Amino acid sequence: MLRQEPGFNRLSPGEQQRQIQQLHQLNQMPEAQRDRRLARAENFERLSPGEQMQVRQSSRMLETLPPDRQAMVRQAFRDLRGVPVDQRDTVLGSARYGASFSPEERGILSNLLRVEPYDGPR
């Protein structure tokens with residue numbers, strides 16, 4: 001089906017292969033993980049180009065943090081996925097997060113959470 005998509009044949013062979021591999025990986029995921037990945041991609045596509053750039057930049061900034069800070073930010077990210085989308089900024093602005101994370105780290109979290117779907121209680 002992918003090969004029938006308009007524009008697919010205009011991609012370089014390497015890019016075609018990469019996209020086929022990504023689709024194969026997506027199809028191998030458990031349903032919940034696959035749905036989450038697709039929802040994240042859809043949320044990302046709804047952002048303006050400037051907002052998309054902020055999300056990408058925050059992802060790169062996360063990788064430049066010291067390993068201990070990366071771990072803390074990643075854990076906070078996992079925790080905040082369970083907070084309803086409309087409450088995330090309030091939580092990020094709370095005294096607890098203000099004391100635990102720098103403004104830069106809270107900005108990284110805020111930007112990355114823009115595309116992350118709500119992962120409510122299980």
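Which residues are buried in H7? In this predicted model, local features need pLDDT of at least 70 and side-chain atom pairs count only at pLDDT 80 or more, while totals for chains, interfaces and linings use all residues. Residues are numbered from 1 along each chain as its sequence is written, and side-chain values use heavy atoms, with hydrogens and water left out.

The answer for H7 is Glu 105, Ile 108, Leu 109, Asn 111, Leu 112 and Leu 113. Buried here means under 20% relative accessible area, with exposed set at over 50% and partly exposed in between (1.4 Å probe, protein chains only). Helices are DSSP runs (H or I, at least four residues), numbered from the N terminus. The buried residues of H7 pack against helix H3 (49-64), H4, helix H5 (88-92) and helix H6 (95-100).

Two of these partners can be described in detail. Two packed helices are described by the angle between their axes and the distance between the axes. Axes are lines fitted to C-alpha atoms, for helices over the stretch in contact, and angles run from 0 to 180 degrees between N-to-C directions. Helix H4 (residues 67-80) packs on helix H7 (residues 103-113) at an angle of about 40°, and their axes are 10 Å apart. H4 is therefore oblique to H7; angles under 35 degrees count as roughly parallel, over 145 as roughly antiparallel, 65 to 115 as roughly perpendicular and the rest as oblique. The crossing of H4 and H7 is right-handed, a crossing being left-handed if the near helix is turned anticlockwise from the far one by less than a right angle, and right-handed if clockwise. On the H4 side, Arg 69, Val 73, Ala 76, Phe 77 and Leu 80 meet Glu 105, Ile 108, Leu 109, Leu 112 and Leu 113 of H7, where contact means heavy atoms within 4.5 Å.

H3 and H7, in turn, pack at an angle of about 130°, with axes 9 Å apart. This angle makes H3 oblique to H7. Gln 54, Val 55, Ser 58, Ser 59, Met 61 and Leu 62 of H3 make the contact with Glu 104, Gly 107, Ile 108, Asn 111 and Leu 112 of H7. The crossing of H3 and H7 is left-handed.

Two glutamines are also worth a visit. Gln 70 is located in helix H4 and counts as buried, at 15% relative accessibility. A polar atom of the Gln 70 side chain lies 2.8 Å from the backbone oxygen of Leu 65. This is a polar contact (a pair of N or O atoms within 3.5 Å; within protein, one must be able to donate a hydrogen and the other to accept it, and residues adjacent in sequence count only if both atoms are side-chain atoms). Leaving aside residues up to four places away in sequence, Gln 70 touches Leu 62, Glu 63, Thr 64 and Leu 65.

Gln 16, in helix H1 (residues 13-28), is buried with a relative accessible area of 15%. The Gln 16 side chain reaches the backbone oxygen of Asn 9 at 3.5 Å, and one of its polar atoms lies 3.1 Å from the backbone oxygen of Phe 8. Residues up to four places away in sequence not counted, Gln 16 touches Phe 8, Asn 9 and Leu 11.
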